[in-house]
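Here is my note on the model, as numbered points. Please read it with the structure open.

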Amino acid sequence: MKPLRIALTKGRLEKDTVKLLESAGYDCTAVREKGRRLILPIGDGSIEVVLAKAADVITYVENGVCDLGVVGKDTIMENGRSFYEILDLGFGKCRFALAGKKGFDFFSGYEARTIATKYPNVTRNFFEGKGMDIRVIKIEGSVELAPLLGLADAIVDIVETGSTLKENGLVIIEDNVAPISARLIANSASLKLRKAEIEELADKMETERKKMQ
Ligand code: PRP
């Protein structure tokens, strides 16, 4: 049978997932020594890890070329379509925040504000909920630059420790948008066709997650 394929978001979530899988007893040596390889066997080879960018993890799972994926709730909220979210992995914790320059009164005045963000859908939904008209500018990274350079009035971004905001003179205006952490997602057909294997892996991951908390 084909190996069960799990797509991991490259970087921090990949590292945390590998730690979790190792404590659950899966040999992840190949992932640790991956070099530039993007598809790697783990355990006895019945599982294969695919390393991808966050939004692409969702694309591969939705299209069924990966059975499972590990991706942040932020990416799910921005791109989520049709797949199952089967487990909150508990790591990669952060939150969405609206932030701007210190001393700037964001909610005053009648002019539509300009918001820079990597998350245009999340941002539009957030302001729609408030009944506020805004303009969104999509930025690919280091969004904090946009208000500093005068491109935007504020940003919507993920905040973990808050130090990036602080060190760049920005303050949180609101951060009750949504709590975020890494999620295990599954392709809907795989969930039926490979139920036993997926359940075994998800159960082991959940047991380890509980131990780690
Ligand atoms: C994220 C986010 C903030 C920072 C928040 O960026 O976009 O910039 O982390 O973390 P903190 O609250 O602990 O400072 P990331 O490192 O993913 O890089 P990017 O901005 O280039 O996407």
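1. Burial comes first. Buried means under 20% relative accessible area, exposed over 50%, and partly exposed in between, with a 1.4 Å probe and protein chains only. On that basis, buried residues make up 45% of the 213 residues in the chain.

2. Ground rules. This is a predicted model, where local features need pLDDT of at least 70, side-chain atom pairs count only at pLDDT 80 or more, and totals for chains, interfaces and linings use all residues. Residues are numbered from 1 along each chain as its sequence is written, and side-chain values use heavy atoms, without hydrogens and water.

3. Overall build. The chain has nine helices and twelve strands. These are DSSP runs, numbered from the N terminus: helices are H or I with at least four residues, strands are E with at least two. The C-alpha trace spans about 60 × 30 × 30 Å along its principal axes. Of the contacts (heavy atoms within 4.5 Å) with a separation of 6 or more, 67% join residues 24 or more positions apart.

4. Surface. The chain exposes about 11500 Å², with 49% of it supplied by carbon and sulfur atoms. Accessible areas come from the Shrake-Rupley method with a 1.4 Å probe; for residues, only the protein chains shown count as cover.

5. Domains. The assignment, automatic or from a database, gives domain 1 (4–92 + 181–212) and domain 2 (94–179). Their centres, taken over C-alpha atoms, are 30 Å apart. Nine residues of domain 1 are in contact with ten residues of domain 2.

6. Domain interface. How much area do domain 1 and domain 2 bury between them? About 700 Å², with 49% of it on carbon and sulfur atoms. Buried area here is the accessible area (1.4 Å probe) that two parts lose on being put together, summed over both. In domain 1, Asp74, Met77 and Glu78 lose the most area to domain 2, together 74% of what that side buries. The rule finds one salt bridge across this interface; a salt bridge is a side-chain nitrogen of Lys or Arg within 4 Å of a carboxyl oxygen of Asp or Glu.

7. Ile58. This residue lies in helix α3 (residues 54–62). Ile58 counts as buried because its relative accessibility is 0%. Beyond its neighbours within four places in sequence, Ile58 contacts Val71, Thr75, Ile76, Asn79, Arg81, Phe83 and Ile185.

8. Leu145. This residue belongs to helix α6 (residues 145–149). Leu145 is partly exposed, because its relative accessible area is 45%.
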